[in-house]
Amino acid sequence: MPLLNEPVKLGTLTLSNRIFMPPLTRSRADSEGVQTPLAEEYYAQRASAGLIIAEAAQISARGKGYIGTPGIYSQEQIAAWRRVTDAVHAEGGHIFCQLWHVGRISHVSILPSGHQPVAPSAIRGNTQTFTAEGMADVSEPRALSLDEIKSTIGDFKAAATAAKQAGFDGVEIHAANGYLIDQFIRDKTNQRTDEYGGPIENRARFLFEVFDAVNQIWDAQEIGVRLAPTLTFNDIADSQPLETFSYIYQNLSKLNLAYLHVCEGVTGMMETIDDSKNILATLREKWDGFYIANGEYDLARGEKAIESGYADAVSYGRPFIANPDLPERFASNALLNEPDMNTFYGGTEQGYTDYPFLSDKQA
């Protein structure tokens, strides 16, 4: 039996294995950001994961950046997520909610009343987003005022409350992949001159104030944080990534979090900064809590990460899209279904809930 298939303790939870499902945007929520019954089936199918971290859910209407993504702020959204979490729990699984604000990675056609996206600084990203008309360049953002920063932190707290009402087992703060919290952290996107800009102590302030707000609703052992220190996805960068994220890791280590979830790389989708492997290895030494590794892992690499003590769990994205019974397949070293990239975003049950289980082939 692979080490990945062994049970593991995460905070107050005892999980059946170390094979986690990371947040995977699938763009199948309705126009109001409400999950459909298809999502209930999709997540229940994958409940054998040690932990499911559900797809990113925007904390407010102004935090939305792509069509078809779910929210976690309205009563209708909460009720739909409750049906999802109930379905996962009925199958013996555990599920966290990822709290998300995209910041500047949005378009005026997606936001309420055609509002501009918001960001730490009014710097437009050299990237695109998915709109009702197809892919489009992101709109020019405006800088958040101090009052708006406080209000956005309040939105994270309200979303954390909503996640508890929806029956999640915990929450993950999305501070990766060039979205709002990451935009505050990195100096390419944060050129403020007030207490939220300048030195890393200021640029990290937003992340830690978001944590403090969420921690008023959830115990620290029920909160995870996702980072991507070496990724440049969504036109994000920092002039001193090792120094910047050393500060983040060291201070997160003091908070008794459930876990740190690090996106280390995604083949063919995200460029990484130079010397990323050395930076990630150095940063890993600065974190002494539960570590979830993500990116470019297969069964063999995942086993090595667990055996060496580098990771406590590994999250598998595309393999879980195509293999709802991934832990069973790993346990028997079975062949994996190949994911269909054409059905990753939007659509129907095709490429969502219709991937075969091992038991289907054995029947």
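Is N177 buried or exposed? N177 is buried, with a relative accessible area of 8% (buried means under 20%, exposed over 50% and partly exposed in between, for a 1.4 Å probe and protein chains only).

## Basis

This is a predicted model, in which local features need pLDDT of at least 70, side-chain atom pairs count only at pLDDT 80 or more, and totals for chains, interfaces and linings use all residues. Residues are numbered from 1 along each chain as its sequence is written, and side-chain values use heavy atoms, leaving out hydrogens and water.

## Surroundings of N177

The loop between strand 11 (170-174) and helix 4 (180-185) holds N177; helices (H or I, at least four residues) and strands (E, at least two) are DSSP runs numbered from the N terminus. Leaving aside residues up to four places away in sequence, N177 touches D182, R226, A228, L231, F233, N234, C263 and M270, where contact means heavy atoms within 4.5 Å. R226 is 49 residues from N177 along the chain, and their C-alpha atoms are separated by 9.1 Å.

## Strands 8 and 9

Strand 8 (residues 128-131) runs antiparallel to strand 9 (residues 134-137), and four bridges join them; two strands pair if DSSP finds at least two bridges between them. The hairpin from strand 8 to strand 9 passes through two residues. F130 has M135 in strand 9 as its bridge partner. T129 and T131 form the covered face of strand 8, while Q128 and F130 form the uncovered one.
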